[in-house]
Amino acid sequence: MKRRINKVAVIGSGIMGSGIACHFANIGVKVLLLDIVPRELTDKEKARGLSLEDAVVRNRLVNDSLTQALKSKPSPIYHPDFASRIETGNLEDDIARVAEADWIIEVVVERLDIKKKVFENLDTHRKKGTLITSNTSGIPIRFMSEGRSEDFRAHFCGTHFFNPARYLKLFEIIPGPDTKAEVLEFLNNYGEQFLGKTSVVAKDTPAFIGNRIGIFSIMSLFHTVKEMGMTVEEVDKLTGPVIGRPKSATFRTVDVVGLDTLVHVAEGIHKNCPDDERHDLFALPGYIRTMADNKWYGSKSGQGFYKKVKKDDGSSEILTLDLDSMEYRQRKSAKFDTLEETKAIDMVIDRFPVLIAGRDKAGEFYRNSFGALFAYVSHRIPEITDALYKIDDAMKAGFGWEHGPFQIWDAIGLEKGIELAKAAGQPVASWVEELQAGGKDSFYEVRDGATYFYDLPDREFKKVPGQDAYIILDNIRESKAVFKNKDVVVQDLGDGILNVEFRSKMNTIGAEVLAGLNKAVDLAEADFDGLVVGNQAANFSVGANIGMIFMLAVEQEYDELAMSIKYFQDTMMRMRYSSIPVVAAPHGMCLGGGCELNLHADMVVAAAETYIGLVEFGVGVIPGGGGSKEMTLRASDTFRKNDVELNVLREYFLTIGMAKVSTSAYEAFDTGILQKDKDVIVVNKDRQIATAKAYARLIADRGYTRPIERTDVKVLGKQALGMFLVGTDSMQAGNYISEHDKKIANKLAWVMAGGDLSEASYVSEQYLLDLEREAFLSLCTERKTLERIQHMLKKGKPLRN
């Protein structure tokens, strides 16, 4: 009988428990969230005359925890409405209700004795066959199920979510001694398909896979810092985006996560892994021990490696901890010649050979760090896993690394990696040298668009499991390319569907991207059945090439600027009015022009983590690539469902005027950017291109006819224009907006009202595009607009943000 998950019970409502509950609510599952009953009344409860028997008191802990989680930033929930899918209760009054659940997840304090008591209670009330798992981050799974029923043990294992559960993709599954194979297979597939996770089945070893490698990497760095006499700023400069790691790099990340958390895991590994060849490295360096003793845990305690203080003038300043004096000081800049050499290298994976070749302190740091890392991961196979790709998956999904250790090793070269390890005094495992002796020079191979990894037990390359549900553009970019220019690659996805992939910096949309989009439509119309616009970079697109706009405006090349804007508009209309279906696949940041492209697709298959919006007001212009026109058209279409037309138009106006950006794809339905009657959302971004391809194929198979250009867009003329102008006057008079902001808003009002028509009228899309282009160009001549653009270019901020 096929297993379905309609309801889960989460036991423990702390930060992790509430986060897990919210993520199940995100995907449409009912949740029962339970916690203990308070033993004492608060002062407020006493003042209200409540007793320990009142339901509001008995559920206080769980309700307070969930409320706090829902208020946290970034939000654990895709949409505020989804919180209604979570019911709360306590472990005394509501424990019998776990029988309603298809999956019970324990997320209580990390103490084996407490967990075992909870499991004893749950074993009494769960229904037979119910999945039951623990979110432990390190307690051996084999100890937890001791003494439980046979059915409990067969359906029990570890399921380790990483915090925050919504945003970190790693989902470690750790089998117990009696776990059924079918349970592991189900959880592995469910994590990928429904929860949007990277599922990794790990062995029951201390800290499992992610934390074992991740904590080693951090502890290794803690020791290296002192040995090389490096500063906090230098390390964070070297271990951030330049190597494909989060902006918070190392020390800022530890401050955010909490040094106490890291110390707890490191001490657990040190205690429970006596045979680890790097056992001594997990002992805390002196300065870390001092910080722990002083409770300098980071953000939660107000100070860690960084400390935010108030200056005499009331402004804030961030100080840095000097690791020698253990005193806080002003921040120092960190510059390295080696990093300068990588500035022209856009692809992170291509930087590693340059970084390890550096002749300065940065080069020495990278050689030491990567050498130690390569040796360590080689020795963890087969201890923590038999498959090396699982280590890479765990580090990418759990720690935000763009590339895993073995992928980085491949980029540097197998032989060079072995040399680095030996130079660091840490020789690699014998199986790596055997691999080299056998004539192999990498851990991965790509064959026919699929990734293969070296499998140690069988001493041969095997296909990474689960790829059939994905399309990996890195693997087909060259072999399946049908067109390419500097900023675009058009690939044949098979089954009559093309994909156009942006390759520009931050996927900005300039002349080459527009040419590629037009060429892709040409190719699709001639020989294919549909087109997907998608990529697998960090962000779909941060918008149009603002540098080009600035240059043309400054040089007063207004005719050329007008032609460029019209070319953008015409390309968006080509997306809308082609003879093949166009499916857009946004993810991450999708701003300005990137958003406008999605507005003109036949369908949008959005990743749940899509932050999309028309943010041009921040630059000092209005959406000029069809965005202002399209929001006017969508307002017009809504008029038919709503009698208060001015109010409807005002909401669409505010979406642009307030530069609203959704915090998830689901919120984009509220702003009118996505449409519930045609657009869909996928939780697992890895499946997005394959899903978009399937929808393009489905639309084509249903019989796709080129749409007819719209000439029935209702605009309200002077009635709407007057409302908007009165509103902007009031906003300026109240000092809510500047004079320039008012000018931008009035230009948008002119477009969305359809000009100063004397009465409501029906106009064409082209009529609105002409108004939009004229308004955009007029704003480009404004000094304030050019100053804003110049400021953003200097700051290196994303276009139109």
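This is a walk through the structure, stop by stop, with something to select at each one.

Before you click anything, note that this is a predicted model, where local features need pLDDT of at least 70, side-chain atom pairs count only at pLDDT 80 or more, and totals for chains, interfaces and linings use all residues. Residues are numbered from 1 along each chain as its sequence is written, and side-chain values use heavy atoms, with hydrogens and water left out.

**Stop 1: the seven-stranded sheet**

Start with the open sheet of 7 strands, ordered E15-E16-E17-E18-E19-E21-E23 with mixed pairing. Helices (H or I, at least four residues) and strands (E, at least two) are DSSP runs, numbered from the N terminus. Two strands pair if DSSP finds at least two bridges between them. Select 481-484 and 680-682 to see the edge strands, E15 and E23, each of which pairs on one side only. From one strand to the next, the twist averages 20°; axes here are lines fitted to C-alpha atoms, for helices over the stretch in contact, and angles run from 0 to 180 degrees between N-to-C directions.

Next bring in the helices. H29 (688-703) packs on the sheet and touches E16, E17, E18, E19, E21 and E23, its direction making about 165° with that of E21. Contact means heavy atoms within 4.5 Å.

**Stop 2**

Zoom in on Asp495, in the loop between E16 and E17. Its phi is near 60°, a positive value in a residue other than glycine. Asp495 is also exposed, with a relative accessible area of 55%. For burial, the cut-offs are under 20% relative accessible area for buried, over 50% for exposed and partly exposed in between (1.4 Å probe, protein chains only).

**Stop 3: the cores**

Show the nonpolar side chains. A nonpolar core is a set of buried Ala, Val, Leu, Ile, Met, Phe, Trp, Tyr and Cys residues joined through side-chain atoms within 4.5 Å. The largest has 119 residues, and Ile20, Phe24, Trp103, Phe161, Leu517 and Leu531 touch the most other members. Centre on Phe24: leaving aside its neighbours within four places in sequence, Phe24 is in contact with residues including Val8, Val29, Trp103, Phe161 and Tyr190. A second, separate core holds 116 residues, among them Val200, Leu238, Ile356 and Ala375.

**Stop 4: E4 and E5**

Select 131-134 for E5, a strand covered on both faces: Leu131 and Thr133 are buried on one side, Ile132 and Ser134 on the other. E4 (103-106) pairs with E5 in the parallel sense over 4 bridges, and Glu106 stands opposite Ser134.

**Stop 5**

Jump to 450-455, strand E13. Here 6 of the 6 residues are buried, so E13 is largely enclosed by the rest of the structure. E12 (444-447) runs antiparallel to E13, joined by 4 bridges; Arg447 has Ala450 as its bridge partner. That hairpin has 2 residues between the strands, and Asp448 takes a positive phi near 50°.

On to E14 (460-463), which E13 also meets in the antiparallel sense, through 4 bridges. Tyr452 has Lys463 as its bridge partner in E14. This hairpin has 4 residues between the strands, with Arg459 at a positive phi near 55°.

**Stop 6: two cis prolines**

Select Lys73 and Pro74: a cis peptide bond joins them, with omega about 0°. Pro74 sits in the loop between H4 (60-71) and E3 (86-90). Then try Ile381 and Pro382, where the peptide bond is cis with omega near 10°. Pro382 is in the loop between H16 (361-379) and H17 (388-399).

**Stop 7: the largest cavity**

A cavity is a set of points on a 1 Å grid over the protein atoms alone where a 1.4 Å probe fits but cannot get out, and lining residues have an atom within 4 Å of a point. Points are joined across faces, edges and corners, and a volume is the space filled by probe spheres set on them. The structure holds 2 cavities of 30 Å³ or more, and the largest has about 80 Å³ of space. Of its 12 lining residues, the closest to the centre are Ala544, Met548, Ile549, Ile565 and Phe568. H24 gives the most to this lining, with 3 residues.

Technical notes:
On a 1 Å grid over the protein atoms alone, a cavity is a set of points where a 1.4 Å probe fits but cannot get out, and a pocket is an open set with protein on both sides within 12 Å along at least five of seven lines; lining residues have an atom within 4 Å of a point.
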